[in-house]
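Visitor: I am new to reading protein models. Could you show me how to look at packed helices and pockets?

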Amino acid sequence: MDASSVAFLREALASTGWVERTRELGRALRATRSPGGLLLVGTPAHEPWHLTAHLADEARLCGLPQLAPTLVRWAVPADAPAHLRVGLDRLAEAGRGETLFVVAEQRAPVPLLERVEDARRTGATILALDGGDPELEGLAHDALAVPADGPLSFDGAQHLVSMSAGETPRRAGVRERLARLLDRISGPRVD
């Protein structure tokens, strides 16, 4: 999906609240402090290659090295290049200033939930883009659930989040900041 397609998608979803939520999640990704500190992990059946590539592009194009993701893999082939040899053990090292972004259209398996909980306990920020997994959302500092029957596909949500991560944030007004504060106090919103 190219930039004009994402712009069209944003226009089509403008009145639904999806654009704002994907922007919030994109901004949260920018909070990662150092290059390599944004860890992307999926499920054993689906690694988030596509989103990883888009975030790497946004990092390069926007000059935000901390946005360049590290793909964390469930099964690492012995002959994989170094940047594709990062296994689940990396999650045990996650700490303050790092972000663990879980991308799981299906429910997260228990071993992943355990590792996410450990990373949260050691200070990593946990973000989730999921298909409506209450256990994963309960562990996340911020989560965006994309229901299968909603107006936005899971793939479309990934494109909106990655593009939003590369945007320069605009200064929010008092009402908008207050609304975000209330959302954070009340917990993640499931749309």
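**Helices and a pocket**

Guide: Helices (H or I, at least four residues) and strands (E, at least two) are DSSP runs, numbered from the N terminus. The model is predicted, so local features need pLDDT of at least 70 and side-chain atom pairs pLDDT 80 or more, while totals for chains, interfaces and linings use all residues. Residues are numbered from 1 along each chain as its sequence is written, and side-chain values use heavy atoms, without hydrogens and water.

Visitor: How are two packed helices described?

Guide: By the angle between their axes and the distance between the axes. Here the axes of α2 and α6 come within 7 Å and cross at roughly 50°; axes are lines fitted to C-alpha atoms over the stretch in contact, with angles from 0 to 180 degrees between N-to-C directions. The two helices are therefore oblique to each other (under 35 degrees is roughly parallel, over 145 roughly antiparallel, 65 to 115 roughly perpendicular, the rest oblique).

Visitor: Which residues of α2 and α6 meet?

Guide: Thr22, Arg23, Leu25, Gly26 and Leu29 in α2 meet Ala157, Leu160, Val161, Ser164 and Ala165 in α6, with contact meaning heavy atoms within 4.5 Å.

Visitor: At what angle do α3 and α6 pack?

Guide: At about 20°, with their axes 9 Å apart. That makes α3 roughly parallel to α6, and the crossing is right-handed. Among the α3 residues in this contact are His50 and Leu51.

Visitor: And how is empty space found?

Guide: Rolling a probe the size of a water molecule over the atoms shows where empty space is left. A pocket is an open set of points on a 1 Å grid where a 1.4 Å probe fits, with protein on both sides within 12 Å along at least five of seven lines; lining residues have an atom within 4 Å of a point. The lining of the second largest pocket includes Glu24, His141 and Arg184, and its largest share, 3 residues, comes from α2.

Methods
A crossing is left-handed if the near helix is turned anticlockwise from the far one by less than a right angle, and right-handed if clockwise.
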